Amino acid sequence: MIPAPPPGRRVAVVGAGIVGLATAHALIKDGAAVTLIDRAGICAMTSAGNAGCLAVTSVLPETRPGLLAKLPRWLLSRGGEVTVRPRYALKALPWLVRFALAARATPRARATAALTALNATVYTHLIPLLREAGVEQDLHRAGSLELFETERAWRAAQSEYQEKRRLGVRVEAVPAAELPQLEPAIARSIRHAAFFEDWSHVSDPRRIGLAIGDLVRRLGASFQQREVVGVTADGHTATLAFADGEEARFDQLVIAGGVWSRALAAQLGDRLPLDTERGYNITVPDPGIALSRNLQFPEHAFVATPLSIGLRVGGLVEIAGTRLPPDYRLIDGIVATTRRFLPGFRTTGGVNWMGMRPALPDSLPVIGLATRHGNVAYAFGHSHLGLTQAAPSGRLVADLLAGRPPIVDPHPFRPDRF
């Protein structure tokens, strides 16, 4: 039988990734009796192997004008900035078209304003959470360098930099001659660089997630490793059905299950265009080089992050759903490019990984109450920004379930916006 949740306002949080954990913490601080439920374990999936970046300067949507023209190339090529698995192409096409259309002026401006507002609160809510979990020292506010090999790509980036500056992002050009002093491992072929002061990274995203998981359990949350296959709600209670045939009832419910949230939301009447942006990386314990901060390579859509467990290099976007097996050959291209930009990089002992980023086509997560049920909230679809936006997302969910003024305007993130 399922253990009964402790007395008080009983809230189930489905999903124990970083967003679910941060949400559980915020709800406990509100006095709720929280039961945390996950099919794989605490911080066991995408939250464990991501790049470890706090990308607070990522205030522009992923979509860009002109993407419709790129769709044929994405559908036909492998290993580029975006790769679409042939077996998944027909299913992915509607999402890709919506993603491209979200680059139009009005939806893009709406998403930019929402991302800017949410990201502005990240450190306000994250730092106290890390401090309470005992891992504040694992946050490294060393900034990030964007590196460019070609003059053309550097010139193309300037309009984005200007737009970000107007939004309050601190970004400055760094002469190539100064790069050897900042990061000796960088190849001399790098012609331009930009420094983002407010970017940061963590020592190990899995360590962060496990520490927050330990914290919420110390504060009274219970944890159940089970698969949720069904959900119903009536405004007063929410009932979860598990794969083993058992059920449990709660006063309130939060669905924060990443890419697996779509099916549960649909059972509650919210059909959302959620899909996966699968990312790949390799973590090398002894990479032969040392970095002091995160490096970004916009021309090739990957990043390199110095973690306590080694150098993690990865990125890309593969559209392939949740069922197809990983294609680790994509990492070969990342490694080859990394060796060109970081000549001493070696991969002996490296561990390959693939994670499923949950993404909506407008580049915004779903954070809000279910359309038909005021006692059910959603917190999923954060794409590349799950670690970045987890703490404010959890606080926003807690605000909405408590009926108090939220930390940011929740309207852009509502589930009925599609």
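Guide: Helices (H or I, at least four residues) and strands (E, at least two) are DSSP runs, numbered from the N terminus. This is a predicted model, in which local features need pLDDT of at least 70 and side-chain atom pairs count only at pLDDT 80 or more, while totals for chains, interfaces and linings use all residues. Residues are numbered from 1 along each chain as its sequence is written, and side-chain values use heavy atoms, without hydrogens and water.

Visitor: What is the volume of the second largest pocket?

Guide: On a 1 Å grid over the protein atoms alone, a pocket is an open set of points with protein on both sides within 12 Å along at least five of seven lines, whereas a cavity is a set where a 1.4 Å probe fits but cannot get out; lining residues have an atom within 4 Å of a point. Points are joined across faces, edges and corners, and a volume is the space filled by probe spheres set on them. Here the second largest pocket has about 340 Å³. Of its 15 lining residues, Pro107, Arg110, Asp362, Arg417 and Phe418 are the closest to the centre. Helix H4 (89-101) and helix H5 (105-119) each give two or more residues to this lining, and H5 has the largest share, 3 residues.

Visitor: How do the residues of that lining divide by class?

Guide: Ala, Val, Leu, Ile, Met, Phe, Trp, Tyr, Cys and Pro count as nonpolar, Asp, Glu, Lys and Arg as charged, and the others, Gly among them, as polar. The pocket lining has 8 nonpolar, 1 polar and 6 charged residues.

Visitor: Which helix gives the most to the lining of the largest cavity?

Guide: H12 does, with 3 residues. The cavity has a volume of about 30 Å³, and its lining has 9 nonpolar residues, with no polar and no charged ones.
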